[in-house]
Amino acid sequence: MSETSSRIPRRKIVQIGPAHPLRGGNTLFAAHLYEALSEEYDVQAISYSRLYPKLLFPGTRQTDVSSVAIKPHPAEALIDSVNPMTWYATARRIRQLNPDMVLYNWWNPFFGPAHGTIARQVAKHTNAIQLFVCENLISHESRAFDVALTKYALRHGDSFMSLSAAVKKDIEYFFPGKPVYEIAVPIYDCYALEPGLTKEIARKRLNIRSDHVILFFGYIREYKGLDILIAAMPEVVKRIPDAHLLIVGESYEKISRYTDQISRLGLQSNVTLINSFVPNEEVGLYFTAGDVVCLPYRSATQSGPLNIAYGMGKPVIVTDVGGLAEFVVPEKTGFVVPPENPAAIASAITDFYAKYSNVDFSANIFTHNQQNNFNNVREAFRDIFAHRNIPA
């Protein structure tokens, strides 16, 4: 912090977003953002008493079952996403806190009514800057009314922050003239929780007898394109006979879609499928076991698993959709392939192994991580305050 800013009272920020014990990538991002901002600002976090109603949540549970919490921070669990009374109560609490800024973590139009109502009340009763930090603007599996819900909530934004150039472009289209700042998703280097864990030990624990392991990690949903990766595997096995696909993540659709495909292609001995939510203390096991992480998405803006991979020093294979390619240095930190193309994925996997012994992917990723512009997030917030002539 500069000498000048040290003489100025710390500005107050209310951060609205999921917090521990809620699980998932959005919670992890919000925790990193809280940690970064707390070094310079007085941050009060407001979370959710209920994130999704059970009827609309396809997973097993919404709370974290991990024995190790990653970056937990204090938060008031005030917002019930489907109870308007809590939205008004939250707005009243924000008025009591009298912040200089209200920050909304935005990732799904489902929260449009709640965030829009809170933001409208904040605009009506306070002078706080309203900032929306957008993972994506419209959800990956969008519905007809998602644009309307997004506009309802975000029209109250004074400034926006995007996590990729693709999202920045969307914001500028829907909200022309509003300031948009771009930062990256932080590198999630917080999962190497077991000292001494080696690739050999990890594979032995998972009963994988292969020297070539490809990892797919994260929630299994249609837009993630797991079926495309499985379709690529017969060609991979033809070129690399002991190639093994390790699939880890809770399926949000019928898992038989994938188990049937694996059986139909005769890949049973080349695939391990673990259909469950992964607690924090086990994440490192799976990333350590893999050589490369494959993200065959049909649509995306950015990806939490990509940033976990980089945090573990693992290269990635991604499809050229949304903002994914922005985060990859071709043939240095990973490979970029066209979407919906099993042959291209197969070629990228074999190309990766052909270069594996000659390219120091881990060193390249380390260098790339040092340039991750999430590290500049506080500078972006200073600019936002300065834009409103409020000393940061």
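1. Two strands are said to pair if DSSP finds at least two bridges between them. By this rule strand β6 pairs with strand β7 (residues 180-182), in the parallel sense and over three bridges. The model under discussion is a predicted one.

2. Strand β6 also has a parallel pairing with strand β5 (residues 129-134), here over four bridges. Phe 160 of β6 illustrates both pairings: Phe 132 stands opposite Phe 160, and in β7 the bridge partner of Phe 160 is Val 180.

3. In a regular strand the side chains alternate between the two faces of the sheet. Strand β6 (residues 159-162) may be read with this in mind: Ser 159 and Met 161 point one way, whereas Phe 160 and Ser 162 point the other way. Are these residues of β6 buried or exposed? All of them are buried.

4. A second topic is the open sheet of six strands, whose order is β10-β9-β8-β11-β12-β13 with parallel pairing. Because β10 (271-274) and β13 (334-337) stand at the edges, each with a single partner strand, one side of each is left without a neighbour in the sheet. From one strand to the next the twist averages 20°.

5. Within this sheet, strands β8 (residues 213-217) and β9 (residues 244-248) run parallel and are joined by five bridges. Phe 216 stands opposite Ile 247 in β9. Helix α10 (residues 280-289) packs on the sheet and touches β8, β9, β10 and β11 (292-295). The direction of α10 makes about 145° with that of β8.

6. Two packed helices are described by the angle between their axes and the distance between the axes. For helix α3 (residues 84-97) and helix α4 (residues 112-125), the axes come within 9 Å and cross at roughly 35°. This crossing of α3 and α4 is right-handed. Among the residues making the contact are Trp 87 and Ile 94 of α3, and Pro 113 and Val 122 of α4. By class, the contact of α3 with α4 has eight nonpolar, four polar and two charged residues.

Key
Residues are numbered from 1 along each chain as its sequence is written. This is a predicted model: local features need pLDDT of at least 70, side-chain atom pairs count only at pLDDT 80 or more; totals for chains, interfaces and linings use all residues. Side-chain values use heavy atoms; hydrogens and water are left out. Axes are lines fitted to C-alpha atoms, for helices over the stretch in contact, and angles run from 0 to 180 degrees between N-to-C directions. Helices (H or I, at least four residues) and strands (E, at least two) are DSSP runs, numbered from the N terminus. A crossing is left-handed if the near helix is turned anticlockwise from the far one by less than a right angle, and right-handed if clockwise. Contact means heavy atoms within 4.5 Å. Ala, Val, Leu, Ile, Met, Phe, Trp, Tyr, Cys and Pro count as nonpolar, Asp, Glu, Lys and Arg as charged, and the others, Gly among them, as polar. Buried means under 20% relative accessible area, exposed over 50%, partly exposed in between (1.4 Å probe, protein chains only).
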